[in-house]
Amino acid sequence: MAHGLWIALEPGNLLFAAIGVLLGTLVGILPGIGPSLTVALLLPVTFQLDPTGSIIMFAGIYFGGMYGSSTTAILLNTPGEAASIATAIEGYKMARSGRGGPALSTAAIGSFVAGTLATICLALLAPVLVKIAVQFGPWDYFALMVLAFITVSATFGSSVLRGITSLALGLTLGLVGIDKLTGQARLDFGVPILLDGISITTLVVGLFAVGEAFYMASRFHGQEEKVEPVRGSLWMTRQDWSRSWKSWVRGFGLGFPIGALPAGGAEVPTLLSYTLERKLTRHPEEFGSGAIEGVAGPEAANNAAATGTLVPLLALGLPTSATAAMMLAGFQQFGLAPGPLLFVNNADLVWGLIASFFIGNLMLLVLNLPLVGLWVRLLAIPQAWLYAGILLFAALGTLAANPSWIELTMLLIFGLVGYAMRCWDYPVAPMIVGLILGPMAESQFRRALQISLNDYLVFFKHPGSAVMLCLALLALIAP
């Protein structure tokens, strides 16, 4: 960890962390743009940069985007992501009554406290998981990926069937290209560029950035969102502090363990935190009209859960949230495969990244509270300009990463698919997880069959894989 701090404190990596935090907040604070879209939009920009600095910047973008999402939830009543819904309930009421400053402060400080505690837990827990994962056979890895497929599909979206449909699309796209075992070309349709497979960056930017821009443009009726001005002091009173600190600790206690589960994510702990604060508060009359605990608890849970999702991502290579899937795409962009071997082959990068979470959280606190006035002015950007800018940025970024008219055509097609999925309420995260993990799952499945001489019962003969497949079945039928 000390070595990781030394790496994270190098001037170049500090600069990357600062740029990530500022860019994440800048883009994440704009209406309708959450952390996952922020990372997706900026993924092509880092294509030719240093891997360690770029991954540190992604982490800064991740946490900065979440901070920005809470700001729009409080000032606009427009959560940038589902996990900020609970923050919007009380935060917007506080802003309407002239207490937007303390609401933003408790969100920022709560995110810092919970993020720091969660990073300590990540540093302690990830190596333990790695020691277990090193003993996995191909049958265990395949079962683990099936569990990830099912839990992500069941968690996202309004129904399991829609999540599974999105996953199936991603798995199909994962088959495009040359079969690694036989060398046979699959689903390339005679297009040479498809022999390398579908670019994760193009899919991510198309589904999230272009699809979201189309969706927001189709629902724009010329009426801009009304921004609540921040009136009075930004600072919290002594009473605000005494009412907030317990909520921060409880939010962390709910957020990190749930975020670290294979079926984690930040939506469940934030809503649980809001419900818990409502039950434990000494001021029940304020809930529904602007209770500070209703902002402090969910925001702490949100940040702790986000850090928690990096435990299965770094230790096992499993993304359990949309933004974790974006981070996985970032790793793969540099030819890095998160999982047990990452801690052996790229120890400097992993521990530098974990140490950068401490620095990034501190930067967020120091930089963002004094800049609240600037962020509020940003919210006045007309939406027509905003989404036109996103489309331009997405197209230029994709061309910079893969200069080809076919890549640009695929970007447009994936954007239209993302728009259709938003219209019909299909989640896009399972599709991305399917494209990233699908080829890996197929490889482990075929390896397991080769080792066992085509014994299909091998997945049930080993206790680890059998338990995980049973858990996957339970996750499928439980909703």
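In this predicted model, a cavity search finds 2 cavities of 30 Å³ or more.

Start with the largest cavity, which holds about 70 Å³ of space. Select F63, M66, Y67, A108, S111, F112, E299, N303, N361, L364 and L365 to show its lining. Colour by helix next: α4 (51-76), α6 (100-133), α12 (293-308) and α16 each supply at least two residues of this lining. By residue class, the lining of the largest cavity has 7 nonpolar, 3 polar and 1 charged.

Move to the second largest cavity, with a volume of about 40 Å³. Its lining is selected with A17, I56, A59, G60, F63, S356, F357 and G360. Here α4 and α16 each give at least two residues, and α4 gives the most, with 4 residues. This lining divides into 5 nonpolar, 3 polar and no charged.

Now select helix α2 (residues 11-28) and helix α16 (residues 347-368), whose axes come within 10 Å and cross at roughly 55 degrees. That angle makes α2 oblique to α16. The crossing is right-handed.

For the contact itself, show L14, A17, A18, V21, L22 and T25 on the α2 side, and I359, G360, M363, L364, L367 and N368 on the α16 side. The contact residues comprise 9 nonpolar, 3 polar and no charged.

Note on methods
Residues are numbered from 1 along each chain as its sequence is written. This is a predicted model: local features need pLDDT of at least 70, side-chain atom pairs count only at pLDDT 80 or more; totals for chains, interfaces and linings use all residues. Side-chain values use heavy atoms; hydrogens and water are left out. Axes are lines fitted to C-alpha atoms, for helices over the stretch in contact, and angles run from 0 to 180 degrees between N-to-C directions. Angles under 35 degrees count as roughly parallel, over 145 as roughly antiparallel, 65 to 115 as roughly perpendicular and the rest as oblique. A crossing is left-handed if the near helix is turned anticlockwise from the far one by less than a right angle, and right-handed if clockwise. Contact means heavy atoms within 4.5 Å. Ala, Val, Leu, Ile, Met, Phe, Trp, Tyr, Cys and Pro count as nonpolar, Asp, Glu, Lys and Arg as charged, and the others, Gly among them, as polar. On a 1 Å grid over the protein atoms alone, a cavity is a set of points where a 1.4 Å probe fits but cannot get out, and a pocket is an open set with protein on both sides within 12 Å along at least five of seven lines; lining residues have an atom within 4 Å of a point. Grid points are joined across faces, edges and corners, and a volume is the space filled by probe spheres set on the points.
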